[in-house]
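Please view the sequence and the structure together before reading on.

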Amino acid sequence: MLDRILGQAAEEPWAERLHALDHLGGLETVAIPEAEAGRKRIRLTTDRGRDCAIALPRAQKLTDGAVLYCRDGMAIVARIDGGARLRLVPQSLGDALRLGHWCGNLHWKVVFGEGWMDVILDGPEARYRDRLRDLATLARFDIG
């Protein structure tokens with residue numbers, strides 16, 4: 001039972017420790033579809049066939065690189081499987097605010113980056129593009 005997140009794989013002291021375990025064959029990952037990452041309880045199998053049950057406290061959220069287990073020469077790290085996305089690049093801060101507001105009102109799942117946002121597609125891309133055409137008069141943005 002994996003019942004808490006111990007840390008992030010990219011942060012110290014985990015990065016060095018996990019790197020060493022990887023070289024020794026002791027690093028396993030669980031691939032979690034992005035649409036399932038919000039769940040607190042999930043049953044998965046690692047990339048090496050180990051059955052895992054995840055039961056996280058409400059205050060913790062699964063993210064890419066979450067360290068779920070580490071002891072006895074073995075570690076398990078979560079990898080969030082990205083799936084299909086549509087990248088939106090607003091042309092100004094005002095455009096970004098309008099675009100973010102619009103996507104929020106549509107309850108679209110998004111991932112923000114520096115100067116862009118990815119809409120996580122939960123259906124045909126054409127449906128998202130059709131909705132974005134309605135916004136074209138309110139905000140300037142490119143679809144990448």
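The sections below treat the basis of the model, a sheet and its helices, selected loop residues and a pocket.

## Basis of the description

The model is predicted, and local features need pLDDT of at least 70, side-chain atom pairs count only at pLDDT 80 or more, while totals for chains, interfaces and linings use all residues. Residues are numbered from 1 along each chain as its sequence is written, and side-chain values use heavy atoms, with hydrogens and water left out.

Helices (H or I, at least four residues) and strands (E, at least two) are DSSP runs, numbered from the N terminus. Two strands count as paired if DSSP finds at least two bridges between them. Four strands form an open sheet in the order 8-9-7-10, and their pairing is antiparallel. Strand 8 and strand 10 (141-143) are at the edges with a single partner strand each, so one side of each has no neighbour in the sheet. On average, neighbouring strands of this sheet are turned by 25 degrees against each other, direction ignored. Axes here are lines fitted to C-alpha atoms, for helices over the stretch in contact, and angles run from 0 to 180 degrees between N-to-C directions.

Strand 7 is joined to strand 9 by four antiparallel bridges, with Val 119 of strand 9 as the bridge partner of Leu 86. Strand 7 also pairs with strand 10 in the antiparallel sense, over three bridges; here Ile 143 of strand 10 is the bridge partner of Leu 88. Leu 86 and Leu 88 belong, with Pro 90, to the covered face of strand 7, whereas Arg 85, Arg 87 and Val 89 make up the uncovered one.

Phe 112 lies in strand 8 (residues 110-113). Strand 8 pairs with strand 9 (residues 116-120) in the antiparallel sense over four bridges, and the bridge partner of Phe 112 in strand 9 is Met 117. Phe 112 is exposed, with a relative accessible area of 59%; buried means under 20% relative accessible area, exposed over 50%, and partly exposed in between (1.4 Å probe, protein chains only).

## Helices against the sheet

Helix 2 (residues 93-105) lies across strand 7 (85-90), strand 8, strand 9 and strand 10, and runs at about 145 degrees to strand 7. Helix 3 (residues 125-135) packs on the sheet and touches strand 7, strand 9 and strand 10, its direction making about 20 degrees with that of strand 7. Contact means heavy atoms within 4.5 Å.

## Backbone features in loops

Asp 72 is in the loop between strand 5 (66-71) and strand 6 (74-81). Its phi is near 55 degrees, a positive value in a residue other than glycine, and Asp 72 counts as exposed at 71% relative accessibility. His 107, in the loop between helix 2 and strand 8, has a positive phi near 60 degrees and is exposed, with a relative accessible area of 70%.

The peptide bond from Glu 12 to Pro 13 is cis, with omega near 5 degrees. Pro 13 is found in the loop between strand 1 (7-8) and helix 1 (14-23).

## The largest pocket

The largest pocket is lined by 14 residues, of which Glu 34, Ala 37, Lys 61, Ile 80 and Ile 120 lie nearest its centre. A pocket is an open set of points on a 1 Å grid over the protein atoms alone, where a 1.4 Å probe fits, with protein on both sides within 12 Å along at least five of seven lines; lining residues have an atom within 4 Å of a point.
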